Amino acid sequence: MSLSNNNNNGGSTCVVELQNVSGYLQNSTNLSSHPRSIHSLSIQEDRKSKSNDDPNGSLPSPTTAVERLQKWNRPRANLFRSFAAFWAFTVMGMNDAAYGALIPYLEDYYNLTYTVVSLIFLSPLIGYIASALLNNSIHLKFGQRGVAFLSPGCHLLAYIVIAVHPPYPVLVVIFMIAGFGNGLEDAAWNAWVGNMANPNEVLGFLHAFYGLGATLSPLIATSMITKGGLPWYAFYYLMIGAAILELVSSVWAFWAATGAVFRAANPRTTDSKGNRMREALTTMPSARVTWLCALFLLGYVGAEVALGGWIVTFMIRVRHGARFASGMTATGFWLGLTVGRVILGFVTPKIGEKLAISIYLPVAMGLELLFWLVPQFYVSAVAVAFQGFFLGPLFPAAVVAATKLLPRHLHVSAIGFAAAFGGGGAAVFPFAVGAIAQAKGVQVLQPIILALLGIILALWLSLPRIHRKEE
């Protein structure tokens, strides 16, 4: 259609010319036979663009990627999953801290030397190694649901066997299964929480629940034995109930988190161009970060569990404390660890992980010197409690640093490996303390802990500069 104006003696005439539009009508009829909304068209265009993209294309590092991170309570399913993970870490803390409180009674019950009784620390190492190697495969095949079933199941099986107080060699073997459960859960939930918004704070709470379990465990075990007159293995009746609750809550909360869900959320983990575990461990610069974090956690967890595990024996044999009072010293250490993870978890992100840990570690080393060189029971008890306070945030800070330094598709593989590998420190170093103590006495605990803290400080300072993660 066109319009034209003609002027005739001061008048105006409007001429309207109509054009043939039958062709357009025919086209519109064809279009109506295939109705499509704007929404469906946009989806199809998006699918076309995705099909043309390389699914294995490079993704930006979390330090530059702007994405909407999940929160501990959003979506709503995360609320229940977070509480299930908190309880799982409580059980893990109870498991690890019980060793130290029970060592004097295991020595008497089985008539063991320091070296032999230290095997209960060493045997979980096999479980930790297995979990480090299998963590990524379990996520790919079974998702977080698989972790939620396997880890509490291992705990439950181990505690049932321990509760019947079998011969000591059986006890050593069964702790391997408990170690596998601990390592798998440690790796999975650290990687999951580390990718949330406000990771320092949430990880601080997660590990605070570990500290809570570790605080309650020596207190309960010592009270049951010294005040209640019960045998050492009665404590594991309580642990059986805790593991049952852990199994039910974890499976219920993570039931929908299948392997298919994990693969969809982490497509590069199934990259056909190469195995992501191998990339995290052998390809620079990611390998540097992975191994530094793994060695840092190995030394840190080793120092933490060696100190918490041998402190009761040290206070009885070297500081000449009463058994109950010495048991409470371990409770003070784990309580300091718990409080430190909550309080310093809010301080650490304010000043940055790199600087914060560079401050916390020297303070902890100074307290370790005070603990070692001042031979007073109460001074030692107070010093070790404050030492726990400053050691508390180290593990969460290392996980957060890894999420900021590594690309997202390597988080489960790298952080899972580092957490499980680090968990092996809970086996190696407490055993080493026991083996050396057999020849030199349990007073070797202090120089070993001090040396470990110095080594992990050097490892921490070797990490690259840590940038803020976009949330």
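Some housekeeping. This is a predicted model, where local features need pLDDT of at least 70 and side-chain atom pairs count only at pLDDT 80 or more, while totals for chains, interfaces and linings use all residues. Residues are numbered from 1 along each chain as its sequence is written, and side-chain values use heavy atoms, with hydrogens and water left out.

OK, salt bridges. Side chains of opposite charge can pair when their charged atoms come close. The cut-off here is a side-chain nitrogen of Lys or Arg within 4 Å of a carboxyl oxygen of Asp or Glu. How many salt bridges does a search of the whole structure find? It finds four, and I'll walk through some of them.

Glutamate 353 has a partner: its side chain meets lysine 404 in a salt bridge, 3.2 Å from N to O. Lysine 404 sits in helix H16 (residues 394-405) and glutamate 353 in helix H14, so this pair ties together parts that are 51 residues apart in sequence. When I say helix, I mean a DSSP run of H or I with at least four residues, numbered from the N terminus. Lysine 404 is buried too, because its relative accessibility is 10%.

Next one: arginine 341 and glutamate 304, with the closest N and O atoms 3.1 Å apart. That pair links distant parts of the chain, with arginine 341 in helix H13 and glutamate 304 in helix H12, 37 residues apart. Both ends are buried: arginine 341 has a relative accessible area of 2%, and glutamate 304 comes in at 3%.

Then there's glutamate 107 with arginine 317, where the closest N and O atoms are 3.2 Å apart. Glutamate 107 is in helix H3 (residues 76-110) and arginine 317 in helix H12 (residues 286-317), so the pair ties together parts 210 residues apart in sequence. Buried or partly exposed, what is each end? Glutamate 107 is buried at 8%, whereas arginine 317 is partly exposed at 37%.

On to the aromatics. A pair of aromatic rings is described by the distance of the centres and the angle of the planes. Here, rings of Phe, Tyr and Trp (its six-membered ring) pair if their centres lie within 6.5 Å; planes under 30 degrees apart are stacked, over 60 edge-to-face, and the rest tilted. By this rule we get 25 aromatic pairs.

One of them is tyrosine 159 with tyrosine 236, a tilted pair at 5.9 Å centre to centre and 40 degrees between the planes. Tyrosine 159 belongs to helix H6 (residues 124-163) and tyrosine 236 to helix H9 (residues 235-253), so this contact ties together parts 77 residues apart in sequence. Tyrosine 159 is buried at 0% relative accessibility, and tyrosine 236 is buried at 3%. Tyrosine 236 also pairs with phenylalanine 235, edge-to-face this time: 5.5 Å between centres, 80 degrees between planes. Phenylalanine 235 counts as buried as well, at 2%. Zooming out, ring pairs link Tyr109, Tyr110, Tyr159, Tyr168, Trp232, Tyr233, Phe235 and Tyr236 into a cluster.

Charges over rings, quickly. The rule wants NZ of Lys or CZ of Arg within 6 Å of the ring centre and within 35 degrees of the ring normal. The charged end of arginine 145 sits over the ring of tryptophan 255, 3.9 Å from its centre, and lysine 227 does this over phenylalanine 324 at 4.5 Å.

Last stop, the surface. Patches use residues with over 30% relative accessible area and no salt bridge, joining like charges within 9 Å and nonpolar side chains (Val, Leu, Ile, Met, Phe, Trp, Tyr) within 5 Å. Leu335, Val339, Ile343, Val347, Ile351, Leu355, Ile359 and Val363 form a nonpolar patch with about 600 Å² of accessible area together, by Shrake-Rupley with a 1.4 Å probe. Helices H13 (323-351) and H14 (353-373) each supply at least two of the patch residues, and H13 gives the most, with five. Leucine 335, for one, is in H13, and is partly exposed at 45% relative accessibility.

Definitions and conventions:
Buried < 20%, exposed > 50% of the residue type's maximum accessible area, 1.4 Å probe, protein only.
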